[in-house]
Amino acid sequence: MSERASVLEVKHLSAHFETEQGIVRAVDDVSFSVKEGETVCVVGESGCGKSVTAMSVMGLVQTDVKGDLFFKGKNLAELSRGDLRRVRGNDLAMIFQEPMSSLNPVLTIGEQIMEPLLVHHPYSKKQARHKAIELIELVGIGRAEQIFKSYPHQLSGGMLQRIMIAIALSCDPDMLIADEPTTALDVTIQAQVLDLLRTLQEERNMSMLLITHDLGVVAEVADFVVVMYAGKVIETGTVHDIFASPKHPYTKGLLYAKPVLGNRTKKLYTIPGQVPNLVDLTPSCYFHERCEHAMDICREKMPTLKLEDRQHVACWLYEKEVKG
Amino acid sequence: MENIPQIPRQMEPKVEVEGSKSSLWGQVWRRFIKRKMAVVGFLFLTMIFVFSFIGPFFSPYTTMGTNPINAHQPPSSAHWLGTDHLGRDVLTRLMLAGRISLTVGLGAMVLSVSIGGILGILAGYYRGIVDQIVMRIADVLMTLPGLPLLFIMAAIMSEWRVPAEHRMYIVMIMLSLIGWPGLARLIRSQVLSLREREFMLATDALGLRDRRKLLNHLLPNVVPILIVTATLSVGGAILSESVLSYFGLGVVPPTASWGNMINAANSLIDFTNRPWLWIPPGVAIFVTVICINLLGDGLRDAIDPNMKGR
Ligand SMILES: Nc1ncnc2c1ncn2[C@@H]1O[C@H](COP(=O)(O)OP(=O)(O)OP(=O)(O)O)[C@@H](O)[C@H]1O
Ligand code: SF4
Ligand SMILES: [Mg+2]
């Protein structure tokens, strides 16, 4: 498993926004890689920079993005505009958080599924139409002919998210980035959409970068987990290791905050405190205000990702010299 | 959250597909025909068009030849609306003038919608320097008062001795020149907000070319507002043309337009003693402009029920 080639490599990715309050470090020095056929989940609380990470990989962020992005060994920054266009939508596809607003309200579903086919492949209108109908059936919606002709507002959120998946898969991408694809859906539909994504991914040996804040989703689909906090990666590891032995206090908190059936405590555990404001962060562990193990060094120096057992973790608790 | 029992929801999500590809415009049409005033406006306009463009073929008179013996006849069974100072049939002239006035109005609208629409979309989508240039020109044109500007341009046109039969085209161009900035502004602001919408971001993620993004994704979203503004602008163009022609600065005789026909009211004798010369074109302008406004308002409500009062 470790010998598989990396499809996407993210190295020292940073995306900073200049705002009136100051510089927002939405993504700060984030590195990870996604291997062939593997599903990597990025987890973290709201506002920790998950979406900005995904958008930066797709090149959709309207700000200076630093760091290197390698897709199938090619540096995305070095591609020409035309080559980048051929990569996006064709080899590298993305599903957005809100299915309702990600589809053009005045175009039919059919037109929108056919579009990438017509753009990236020498399909005729008729072939594209045929393929589009196939795709609608593939994502598990019946009456494809009818759906083909309908407008986004005539479908439910779950169906729209399936349509988004159909659009993303239309050109057989090598990699799919899904930004909280199920957050806007209700629970039963969530499970269906996740199942669908997982089956399609396995069938096509596609790599997937799945962004979520739902650990249930992670447990179900991930091979590898990247935990983010305030724009930084604080722990990475295989799904098994992360769930079996979380190292970082934040990861532990996240897992603890997840309710377990048949084990109702009086109050659900929540990690105390708030995500810090991303504007005025001083060098420190950004989690120190909420961490019960916080030490002096945590307030003064930023811990870096270090290998601990089989996970990488950024926490002073695991630094030998501090412990000793 | 999984231990919280969920209210069972409908498993198979709702689909109420109302049929065909045309269902968006079908809805618009259904909402439109519910608006009585708009429908009345639309019917009247159709009649005015038929009257102007087809009517002359049924008229026994031409306005080419003059017939001084027949001049200044009051309305009669032969000449329903009387004759003018050259003995031409006023009804026939009214129809032919309608052709000119409506054509000028529509032509000016098409021109200003094309210019304003294209520039507005480009400015809103590309922003930066394109936006700066387009909007500064639009600002300058919008700060200059419209009518005096038209008068100046018309005066220049007279100075250049543009032949009478070409003047209507020049008038169209002049009207579109002062008409496009407002439209460009409106479209630009629409595009500025549309381009930030998630579905436009999604077109980036799909690797589409700019041309495709603009034509396939942005344009269809601004078409409704474009249609409404375009309709309403025809009324304004017809009015401006009438004013210019009334002052002898727009379409000039022998080509008839509703505006230059009213010019007859300039002389006191014609005004008091021969109302058949100026009342019909006046009524024609009035009714046409009102109907266009009714139609435009109805379309606006029908196209987007939430756009009311915007
Ligand atoms: N264009 C922008 N300008 C300024 N700040 C931004 C911009 N986009 C994102 N941010 C900031 O970056 C941070 C991370 O945002 P992001 O959308 O990535 O969060 P997220 O992890 O996806 O949260 P959620 O789970 O709610 O989707 C937020 O604090 C947000 O305020
Ligand atoms: S570095 Fe310190 S504050 Fe941060 S998580 Fe580890 S122990 Fe807690
Ligand atoms: Mg997000």
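This is a predicted model: local features need pLDDT of at least 70, side-chain atom pairs count only at pLDDT 80 or more; totals for chains, interfaces and linings use all residues.
This is a short walk through a few features of the structure above. Hi everyone, and a word on conventions before we start: residues are numbered from 1 along each chain as its sequence is written, and chains are lettered from A and ligands numbered from 1 in the order in which they are written.

Let's begin with ligand 2. Which residues surround ligand 2? The shell is made of H248(A), P249(A), C285(A), F287(A), H288(A), C291(A), H293(A), A294(A), C298(A), C315(A), W316(A) and L317(A), where a residue belongs if one of its heavy atoms lies within 4 Å of the ligand. By type, that shell has nine nonpolar residues, three polar and no charged. Here Ala, Val, Leu, Ile, Met, Phe, Trp, Tyr, Cys and Pro count as nonpolar, Asp, Glu, Lys and Arg as charged, and the others, Gly among them, as polar.

Now some of the cysteines in that shell. C291(A) counts as buried because its relative accessibility is 17%; buried means under 20% relative accessible area, exposed over 50%, and partly exposed in between, using a 1.4 Å probe and protein chains only. C298(A), at 7%, is buried too, and so is C315(A), at 9%. C315(A) sits in the loop between β12 (311-313) and α13 (320-323) of chain A. Helices (H or I, at least four residues) and strands (E, at least two) are DSSP runs, numbered from the N terminus.

Next, have a look at helix α1 of chain A, residues 50-58. Eight of its nine residues are buried, so the helix is largely enclosed by the rest of the structure. Just after α1(A), G59(A) takes a positive phi of about 75 degrees.

Then there is a pair of helices in chain A: α4 (residues 109-120) and α7 (residues 157-169) pack at about 25 degrees, with their axes 9 Å apart. Axes are lines fitted to C-alpha atoms, for helices over the stretch in contact, and angles run from 0 to 180 degrees between N-to-C directions.

Finally, chain B: how many helices and strands does chain B have? It has eleven helices and zero strands, and buried residues make up 45% of its 310 residues.

Note on methods
Side-chain values use heavy atoms; hydrogens and water are left out.
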